[in-house]
Amino acid sequence: MKALQYTAYGRGPVVGDVPEPVPGPGEVLVRVAGAALNPLDVKIGAGHVHEYFPITFPSTVGTDLAGTVERLGSGVTGWSVGDAVITRTDPTAGGAVAEYAAVPATGLVAAPTTIPLDVAAGLATAAATAWQAVTEIAELRSGQKVLVHAGAGGVGSFVIQLARRAGAHVVTTASGAAAELVRKLGADDVIDYTGVDFRTAVSDVDVVVDAVGGETEARSLDVLKPGGLLVSLPVPPDFERAAARGLRAEFLFHASDAERLAKVVAVANEGFEIVVDRTVRLSGAADAFDHLARGHAKGKVIVRP
């Protein structure tokens, strides 16, 4: 079968022929309908997170996939051949950007019925991360004000929708070109980060969800109200700096969790928009990976076999 594979740290992945995986005990073979690329895939390939997610070369790219159950390994119950499923694999295992993937049955979740199966792969990391930020860490509630950085991005687009669903007033940073999109997702106010310092446009914020990091994180403390919360996604924030100013800071480390993903799917079935930057065939996956690595993607990049 065909798969997109890392061959060495710092080298772009390539599409090649690999043996079709065989499901072991407790595993399921999934015929992949779609796989979603994530910034974490880029970091893994560059070797930036090898202390946390070491891989052995060659290694098939990707954690997020959706498809149909093709075969059951021994001991698997609760699933049948033909079931439509989504899952997020362990980053050290990867395996998503391929024609078939052998994955643990315990990580499977029934796919949403309201979204095309290939596109549903885009929920597995980005939407589940947004759920973790909005619902589990921030516990966002009606009447609060939230600032979402990079609202047109993979995670940010879901944060906007979940925050609006919680009844919060949603402010987001986005380019002028993406303003219409983020308003459609539910943003009340949009700040064009290309020409405006967001600190001059918003204040008294209860929660900041930051998917950018760096100077954006540091400046975000200036817009939080006393006791406000910064949720950082890219790297651990400066906890001491936040505490010295009477603010709270949390680092969101996302791990695969089937129970959380099932809650995300339930919301998706009620109405959830997945922003898709592009959908490509597996033969074009290497170029799509490069597009994501260069920071050009708005929303999810989906690869179909």
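What follows is a short exchange on cores, helix faces and strand pairing in a predicted model.

Colleague: What makes the 52 residues a nonpolar core?

Modeller: A core needs buried nonpolar residues joined through side-chain atoms within 4.5 Å. The largest such set here has 52 residues. Ile86, Leu123, Val146, Phe158, Val207, Val264 and Phe272 touch the most other members. Helix 3 (residues 126–137) gives the largest share, 7 residues.

Colleague: Which residues is Val264 in contact with, leaving aside its neighbours within four places in sequence?

Modeller: Leu123, Ala127, Ala128, Trp131 and Phe272. Contact here means heavy atoms within 4.5 Å.

Colleague: Why are the buried residues of helix 9 said to line one face?

Modeller: Start with the list. Within helix 9 (residues 285–293), Ala285, Ala288, Phe289, His291 and Leu292 are buried. Buried means under 20% relative accessible area. Viewed down the helix 9 axis, these residues fall within an arc of 160°, so they line one face.

Colleague: What do the buried residues of helix 9 pack against?

Modeller: Strand 1 (2–6), strand 2 (14–17), strand 3 (27–37), helix 1 (39–46), strand 15 (276–281) and strand 16 (300–304). Just after helix 9 comes Gly295, with a positive phi of about 75°.

Colleague: What puts the buried residues of helix 1 on the same side?

Modeller: Asp41, Ile44 and Gly45 are the ones to check; they are buried in helix 1. Their arc around the axis is only 95°, which puts them on the same side of helix 1. The general rule is that an α-helix has 3.6 residues a turn, so residues three or four places apart point the same way.

Colleague: Which elements do the buried residues of helix 1 pack against?

Modeller: Strand 1, strand 3 and helix 9. Gly47 follows helix 1, and its phi is positive, near 85°.

Colleague: How do you know that strand 1 and strand 2 pair?

Modeller: Pairing takes at least two bridges between the strands. Strand 1 and strand 2 have 4 bridges, in the antiparallel sense. They therefore count as paired. For one of the residues, Gln5, the bridge partner is Val14 in strand 2.

Colleague: Why do strand 2 and strand 4 (59–60) stand at the edges?

Modeller: The order in this open sheet of 3 strands is 2-1-4, with antiparallel pairing. Strand 2 and strand 4 each have a single partner strand, so one side of each is left without a neighbour in the sheet.

Note on methods
Residues numbered from 1 in each chain as written. Predicted model: local features only at pLDDT ≥ 70, side-chain atom pairs only at ≥ 80, totals over all residues. Heavy atoms only, no water. Buried < 20%, exposed > 50% of the residue type's maximum accessible area, 1.4 Å probe, protein only. Helix = DSSP H or I, 4+ residues; strand = E, 2+ residues; numbered from the N terminus. Arc of directions from axis to C-beta.
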